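Reader: Could you walk me through this one, starting with how the inside is packed and then moving to where the parts meet?

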Amino acid sequence: MYPRPFRYHRAKSYPEAILLLSELGEEAKFLAGGQSLIPLMKLRLSAPRHLVDLNFIPETSYIHCNGELRIGAMTRHAEIAASVEATRIPILHDCSAGIADPQVRHMGTIGGSIAEADPTGDWAPVLLATGATVETLGPAGERSIDIGEFILDAYTTALQPAELITEVVVPLPAERSGGAYIALKRCAPVYASASIAVQLTLHDDHTCRDACVYLGVLGLTAMRVTAAEELLRNKPITADSIEKVCAAVKDIAEPTSDMRGSAEYKRQAAGALAKLAVETAAKRARGEYVEATHLYA
Amino acid sequence: MPEDISRVRISVKVNGKQYTREVEPRMLLVQFIREELSLTGTHIGCDTSYCGACTVLVNGKSVKSCTLFAFQADGGEVLTVEGLAKDGQLHPVQQAFSDCHGFQCGYCTPGFLMSTVQLLEEHPHPTEWDIRKGIAGNTCRCTGYQNIFRAIRAAAAGEGADIGH
């Protein structure tokens, strides 16, 4: 399948890319890894007249750790999965190592993924749970935008015309913190049926100090489950409290029935994922090594 | 003269040989490989980034060549299934797929071979889980995967072929 013909512009720097897009207007799009945009263009659901290619701009793919983790927007998911620095925050590894399949992870970028703001995307719940910031550059200059204010709706972000993401900044979690991101999928290359990100900080081995819980896929954007956070915060983590967290997650989910499963199936799945994610996050916060990843069913 | 942006000049090394072509920007890497270079070992299966039949390595990393524009490989090195055998000798991964009958109709095989080469590069001694993750982006509608798993295990163990290839 061929996309509609378009004209090609290879940017040598972000300022040049922004200038090009400003001049070309609404018929132009940035191309990052292309793992969502190219399939959409092949199906002609997207048909830009111009592509401004960001792939050849030097020094846009990196992971630096200096008090916080700074990830270049063009960093591929596989590079994040392989990074020793990023793996120090296990929830980032859960996400980056589980997105789609190896081929897609080699091309897809963190910046492209969050700029698309697909409700089924993996990064949004994880970056929300870790309190990340999105650094942008546009015709009006640089901005730092809290991820919670960056993703506005399904496929809608705070990016202005010709503005692009340059970096994603993830603060290093406090001592005795642990997180987990788990998505349920039918198989690797398809969209997830449900996903959840949990980040916990403990007082001691059994008592939670702080909690962040975000449900993915089952709403127009990732949904904060404040009821679940309140059930965990400043309380012992027990089998009973985890059951209540699962109920709170199931309560907030807004699933719809489709080829990925019935609404009820997805609601039950969200509850099961919540249990697994809270247990995994708590173990990691206690210093245990636990692997977690996308689940296939 | 302003640059003609309705064409893009790309230079790509494919299986060790340098090619320079002017192509339409919308040309996908798989079309470049098959139609411009006549290397038809790389197959188009689903054409929607699902099945992995079109998997090739670009700069040593597996990608779905139906979901890459040809210009994204500009200046890079591509390895396709035609580049695996050397001096008339099958690559150990090809030999293992042959020995273990890791295919049936064979349509998906080039993609599985390339994903397996990538997998064994990262995990020379893969666990069952590594194998599952490594070929998760490839679909086979004939075999039920059992012989593909056997072939990958055999290739990793260096059975029946010269693994030092």
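**Core and contacts**

Author: Of the 147 residues in the largest nonpolar core, the ones touching the most other members are A:Ile196, A:Val198, A:Tyr214, A:Leu215, A:Val249, A:Ala270 and B:Ala70. Such a core is a set of buried Ala, Val, Leu, Ile, Met, Phe, Trp, Tyr and Cys residues joined through C-beta atoms within 7 Å, buried meaning 20 or more other C-beta atoms within 10 Å of a residue's own, with C-beta atoms placed from the backbone. This is a predicted model, where local features need pLDDT of at least 70, side-chain atom pairs count only at pLDDT 80 or more, and totals for chains, interfaces and linings use all residues. Residues are numbered from 1 along each chain as its sequence is written, and chains are lettered from A in the order in which they are written.

Reader: Which helix gives the most to this core?

Author: Helices here are DSSP runs (H or I, at least four residues), numbered from the N terminus. With nine residues, the top contributor is chain A's helix H12 (residues 263–285).

Reader: How many residues of chain B are in contact with chain A?

Author: Contact means C-beta atoms, placed from the backbone, within 7 Å. On chain A, 22 residues take part, and on chain B the number is 26.

Reader: How far apart do the C-alpha centres of domain 1 and domain 2 of chain B lie?

Author: The domain bounds come from an automatic or database assignment, giving domain 1 (8–83) and domain 2 (92–157) in chain B. Their C-alpha centres are separated by 21 Å.

How values were computed: A residue is buried if 20 or more other C-beta atoms lie within 10 Å of its own, exposed if 12 or fewer, and partly exposed in between; C-beta atoms are placed from the backbone. Helices (H or I, at least four residues) and strands (E, at least two) are DSSP runs, numbered from the N terminus. Two residues are in contact if their C-beta atoms, placed from the backbone, lie within 7 Å.
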